[in-house]
Every structure is written in C-alpha cells, then in structure tokens.
Amino acid sequence: MLNMDIKEIIRTRKSVRTFDGTAVTDAEKEKLNEYIGTIDTPYDIPVKFVLLDVKEHGLSSPVIQGAQLYIAGKVQKVQHSEEAFGYAFEKLVLYAWSLGIGTTWIGGTMDRRAFERAAGLKDGEIMPCVSPLGHPSPKRSVKEVAMRAAIKADKRRPADELFFDRDFASPLQEDDELITAGLEAVRYAPSAVNKQPWRIVRCGRQYHFYEKHGLRGADALWDVQKVDMGIALCHFMTVTGGRLSISAPSIEAPQDTEYIATVIC
Ligand SMILES: Cc1cc2nc3c(=O)[nH]c(=O)nc-3n(C[C@H](O)[C@H](O)[C@H](O)COP(=O)(O)O)c2cc1C
C-alpha cells in the first residue's frame, strides 16, 4: 500500500538524476522488496525486478549523479510485454517516491550491456528500462537542469490534444470528478523524451487508449512508447479503479495512432 495519496504521489513525482550520495538503507530496501512482491499487472505478464549495486557491478549512466543503487526490470518478450512492463515498473517508481526515494526511467542513456549482464538477462527476456534509486540531492546538477530544459520536462500537452469524445475530432468535456482526476494523472505521467504518446477516446464508460507513434525505429526489439502506454494505464487505472479490456473499437484513428487497450470505468 502506498502511504501517501496516490494522486499526490503522481503529481509530485519528477525524474531525479542528481542524488545526495547517501545509501538506500536496508530498511528502505526491505520495504521496496516487500512491495515488489505485491506488484501485478492487468496483463498477467510477470515482471521481475533486480536491485543492482553500482560498485559491485560497475554500473553508470551519463545522466545520473550520486546514485549507489539501480533497479532493473525484466519481462518475457510476448505480446503486450512492454505495456505490462510500463505498468509494473511505474508502480515501483510511485511506491519509491512515497518513501522519498527518487527514480528516473532510463531506457537509452546507460551502458546497456553492463546492465543486462548485471541483471542476468536470459534469452527471450527484455529489459526495456532501469532506474537509479536514491535520496534526491537538494540541488540538480547543471547537466540535469540543461537536460530538463531541452526536453521541456516540466511541460505537458493540454488535455484537448489528448482526450476525445467518441472520435478524434471532438475534445472531451469530462464531468465525472474521479475520471477527471484519472485523466490528469495520465497527463502527469513520465514518458520517453517527454513525448506523451497517449491519446484517449471516451465512448460511454469505455476509455480507449491509443499510442501516437513518435519514436519509431529507435529500437527494433521493443517499442519504448508502449512502455509509456503502460505507465499511462497504470496512472489511470490506479486513480479510477477501472478495469482493462482489449477489444479495438471501430473508431477511425489518425495516421500513426495505434489502439492499445480500453479501460472500463
Ligand atoms: C520509457 C522511458 C524511458 C526514458 N528514458 C530515459 C533515458 O534514457 N534517459 C533519461 O535521462 N531520461 C529518460 N526518461 C525520462 C523522461 O525524459 C522524463 O520522464 C520526461 O522528460 C518527463 O520528466 P519527469 O519524469 O521529470 O516528469 C525516460 C522515461 C520513460 C518513461
């Protein structure tokens, strides 16, 4: 169980790339491990987590400063494994933040071979992302400040570009308070290069999630933006309590926009 209000955790979480250098304590690790044991996904695809000591495995990321610990996630490469991965790993990210432990989703800026070796990645498994775990430094590094500015990390697209009613031409006017909070939680979600690929079309109580492709070809083995979609589903379902169903509606979608899943609220 998260011990802060989930909406508050989602709203206040930011990527942390500058840590104060203190170690994650044994008590904190125990809490993280206990929580990891409870993580499941609506896809019924298990995601495995491995804590990795920086010194023991010689790990680093060019964008991260002062972290002594990382966490890697692994999943069998099957249909929907990226969404399941995004959903499960984001649960861990949010729980860590409720303990005051900072994270950053890292899919690209790392020595991938070293991380995959340290995580013991097997044939048929993928490790889309890792994250540092640590106590945030009170001051961001110059590099982190520049990076956040370059990708406009504090900005999000307005709701009328993301959420629609029945078709992609009509922006959604949502009056239900809980659903509105769920949609806001989607807007706050982290995404690769802050692209925010999620689009949602409401039809009655059904919220159809689509992926607007914008980073295709970056990685042949998996689609990092499907990981983003899993994160968005995690936020929306956690806040609204809706349930997942996969059945593409007959809605005409714009070019490069792929149906992912439906949440029934
Ligand atoms: C799937 C995924 C992959 C990411 N990969 C990286 C990465 O390789 N390096 C990095 O510095 N940030 C990475 N990020 C972090 C995003 O840049 C960040 O979430 C986004 O800019 C929004 O900022 P915020 O998390 O502070 O809200 C990734 C995020 C996601 C969701």
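**Helix packing, domain contact and ligand shell**

In the predicted model, helix α7 (residues 177-187) and helix α8 (residues 224-240) have axes that come within 8 Å and cross at roughly 155°. Angles over 145 degrees count as roughly antiparallel, and α7 and α8 are therefore roughly antiparallel to each other. The crossing in which α7 passes α8 is right-handed. On the α7 side, the contact is made by Leu178, Ile179, Ala181, Gly182, Ala185 and Val186, which meet Ala232, His235, Phe236, Val239 and Thr240 in α8. By class, the residues of this contact of α7 with α8 comprise eight nonpolar, three polar and no charged.

The domain assignment divides the chain into domain 1 (6-145) and domain 2 (159-264). A distance of 23 Å separates the C-alpha centres of domain 1 and domain 2. The contact between the domains involves 19 residues of domain 1 and 24 residues of domain 2. On the side of domain 1 that touches domain 2, at least two residues are supplied by each of α1 (6-12) and α4 (81-98). Helix α4 provides the largest share of that side, eight residues. The side of domain 1 that touches domain 2 consists of ten nonpolar, three polar and six charged residues.

The ligand is surrounded by 21 residues, of which Ser15, Trp105, Gly107, Gly108 and Pro190 are the closest. Twelve nonpolar, seven polar and two charged residues make up the shell around the ligand. Residues of this shell come from both domain 1 (6-145) and domain 2 (159-264), so the ligand lies between the two domains.

Methods
Residues are numbered from 1 along each chain as its sequence is written. This is a predicted model: local features need pLDDT of at least 70, side-chain atom pairs count only at pLDDT 80 or more; totals for chains, interfaces and linings use all residues. A residue is near a molecule or strand if its C-beta atom, placed from the backbone, lies within 6 Å of it. Ala, Val, Leu, Ile, Met, Phe, Trp, Tyr, Cys and Pro count as nonpolar, Asp, Glu, Lys and Arg as charged, and the others, Gly among them, as polar. Domain bounds come from an automatic or database domain assignment. Axes are lines fitted to C-alpha atoms, for helices over the stretch in contact, and angles run from 0 to 180 degrees between N-to-C directions. Helices (H or I, at least four residues) and strands (E, at least two) are DSSP runs, numbered from the N terminus. Angles under 35 degrees count as roughly parallel, over 145 as roughly antiparallel, 65 to 115 as roughly perpendicular and the rest as oblique. A crossing is left-handed if the near helix is turned anticlockwise from the far one by less than a right angle, and right-handed if clockwise. Two residues are in contact if their C-beta atoms, placed from the backbone, lie within 7 Å.
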